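Work through the exercises below with the sequence and the model in view. Each task is followed by its solution.

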Amino acid sequence: MKEGGRKQGAPSPCAACKLLRRRCAQDCVFAPYFPADEPQKFANVHKVFGASNVNKMLQDLPEHQRGDAVSSMVYEANARVRDPVYGCVGAISSLQKQIDMLQTQLAVTQAEAVHLRVRQSASLWNPAHSPTSPTNTGSPSQSKPMFDMDMVVDHANYGDSMW
């Protein structure tokens, strides 16, 4: 008995062969990477790259590299469907902007930490000028140290990676 041209109990065609409306051969190059239960995966790859080009790319690669190639094609195709102009370059650019912003925030936070450490060590060196010191009467002449420790920055803790 046959159902739809296939023997009963035979596996369904892969997503690629189903979309291309062709018979899925046992040695189909698409079958291991585009299973029948993930039709959108091949649909996007087909829309962006074309079945013929995908077939050529997979045929040209050794089998142990084909899975990674398909993963890359699926990622690029999905990115291109979401953003037809920039594709994954848009995603990479957005992530790079986030990295730059976070590195700037980290540098500012590190500078603030150094600033607080310097102020703390300055108050330990000269307790008379500490705002919590009992000898500090609150008069302007006594509350201000001879030089402003707020301006001191320990660049040795930063190395070359700060900016």
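**Exercise 1.** In which helix is M73 found?

M73 is found in helix 4. Helices here are DSSP runs of H or I with at least four residues, strands are runs of E with at least two, and both are numbered from the N terminus. Residues are numbered from 1 along each chain as its sequence is written. The model is predicted: local features need pLDDT of at least 70, side-chain atom pairs count only at pLDDT 80 or more, and totals for chains, interfaces and linings use all residues.

**Exercise 2.** Determine whether M73 is buried or exposed, and list what M73 touches.

Step 1. The relative accessible area of M73 is 6%. Buried means under 20%, exposed over 50%, and partly exposed in between (1.4 Å probe, protein chains only). M73 is therefore buried.

Step 2. Leaving aside residues up to four places away in sequence, M73 touches V45, F49, V54, M57 and L58; contact means heavy atoms within 4.5 Å.

Step 3. V45 lies 28 residues from M73 in sequence, and their C-alpha atoms are 6.4 Å apart.

**Exercise 3.** Describe how helix 2 and helix 4 pack.

Step 1. Helix 2 (residues 39–49) and helix 4 (residues 63–82) pack at about 75°, with axes 8 Å apart.

Step 2. Angles of 65 to 115 degrees count as roughly perpendicular, and the two helices are therefore roughly perpendicular to each other.

Step 3. Helix 2 contributes K41, N44, V45, K47, V48 and F49 to the contact, and helix 4 contributes M73, V74, E76, A77, N78, R80 and V81.

Terms used. Heavy atoms only, no water. Axes fitted to C-alpha atoms, helices over the stretch in contact; angles between N-to-C directions. Parallel < 35°, antiparallel > 145°, perpendicular 65-115°, else oblique.
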